[in-house]
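Reader: Could you walk me through this one slowly? I'm still learning how to look at a structure.
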Amino acid sequence: MIDLDSLTSSGQPLAFFFDLDGTLAELQPRPEQVFIPAETLAALEQLARHHGVAVVSGRPLAEIDGFTAPLRLAAAGVHGAEWRDPQGKTHRVTLDAEMLAQVGARLEAALAEHPDLLLERKSVAFALHYRQAPDKEALVRELAEGIAADHPEFKLQPGKCVFELKPAAASKGEAIARFLELEPFAGCLPVFLGDDRTDEEGFAVVNARGGLTVKVGEGETVAKTRLPSVQAVALWLQQLSRDLAPHYKQGD
Ligand SMILES: [Mg+2]
């Protein structure tokens with residue numbers, strides 16, 4: 001279990017980073033069916049009153065905002081390729097539009113015979129979901145590897161029943177490092193919770209800064225500790241917002 005006292009004993013303020021799918025929200029058969037429970041949103045809102053809080057997700061920023069509405073947190077989307085800084089300004093990695101159109105057409109053609117595979121187009125990334133057809137993992141992997149080999153602008157990012165082609169320069173680790181240079185994150189001890197392979201780069205950055213890393217669920221990880229499930233994250237968040245309350249100055 002996560003020891004709150006060891007987190008707060010240094011007196012260093014805390015900043016929190018959360019993955020979305022599989023961490024704040026249960027995975028669902030289709031990505032559009034995912035939602036963040038109301039209790040979790042309430043705890044995030046409470047936490048964000050006193051701490052830097054950012055969502056760091058593979059989803060586009062617009063989707064992240066949809067999930068947290070009416071709350072609008074600092075966020076990095078598409079594995080760090082899009083991000084909104086704490087002042088509210090949005091930044092995006094750009095890729096050649098013609099190349100993106102060609103890759104999109106190639107993926108669409110390859111998936112035309114497989115209605116059980118889902119192609120998700122993001123601003124500068126593609127996600128190939130095979131949750132409905134787990135037996136097609138090898139086929140999807142080969143397709144994604146072929147595109148990554150032909151287009152070095154992309155990096156292959158495997159996830160849970162998904163292969164993503166994301167901009168090579170983008171990573172969750174880089175996104176977290178960028179936030180930690182800016183108020184209200186600068187000088188804080190980072191805490192990062194995530195469940196999937198894309199989160200490992202974030203864990204590495206947070207570990208290097210002496211922060212707390214939490215892997216949600218099973219699987220190999222460099223995270224220092226674990227929570228077993230999305231539900232356990234929700235309960236931990238609610239407990240955290242209660243336990244931290246006495247640490248705030250009165251009137252805050
Ligand atoms: Mg996730």
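Reader: At what angle do helix α4 and helix α5 pack?
Author: In this predicted model, helix α4, which covers residues 97-111, and helix α5, which covers residues 137-150, pack at an angle of about 160 degrees, and their axes are 11 Å apart. Because angles over 145 degrees count as roughly antiparallel, α4 is described as roughly antiparallel to α5.

Reader: And is the crossing left-handed or right-handed?
Author: The crossing in which α4 passes α5 is right-handed.

Reader: Which residues meet there?
Author: From α4 there are Val103, Arg106, Leu107, Ala110 and Leu111, and they meet Leu143, Gly146, Ile147 and Asp150 of α5.

Reader: Where does histidine 151 lie?
Author: Histidine 151 lies in the loop that runs between α5 and β8, the latter being residues 154-159. Leaving aside neighbours within four places in sequence, histidine 151 is in contact with Met99, Val103 and Arg106.

Reader: Is histidine 151 buried or exposed?
Author: Histidine 151 has a relative accessible area of 14%, and since buried means under 20%, this histidine counts as buried.

Reader: Switching topic, what coordinates the magnesium ion?
Author: The magnesium ion is coordinated at 2.1 Å by Asp19 (OD), Asp21 (O) and Asp195 (OD). Along the chain, these donors follow the spacing D-x1-D-x173-D.

Reader: What about aspartate 19 and aspartate 21, buried or exposed?
Author: Aspartate 19 is buried at 4% relative accessibility, and aspartate 21, with a relative accessible area of 18%, is buried as well.

Terms used. Residues numbered from 1 in each chain as written. Predicted model: local features only at pLDDT ≥ 70, side-chain atom pairs only at ≥ 80, totals over all residues. Heavy atoms only, no water. Donors = N, O, S within 2.8 Å, 3.2 Å for Na, K, Ca; no water. Buried < 20%, exposed > 50% of the residue type's maximum accessible area, 1.4 Å probe, protein only. Axes fitted to C-alpha atoms, helices over the stretch in contact; angles between N-to-C directions. Helix = DSSP H or I, 4+ residues; strand = E, 2+ residues; numbered from the N terminus. Parallel < 35°, antiparallel > 145°, perpendicular 65-115°, else oblique. Left-handed = near helix turned anticlockwise from the far one by under 90°. Contact = heavy atoms within 4.5 Å.
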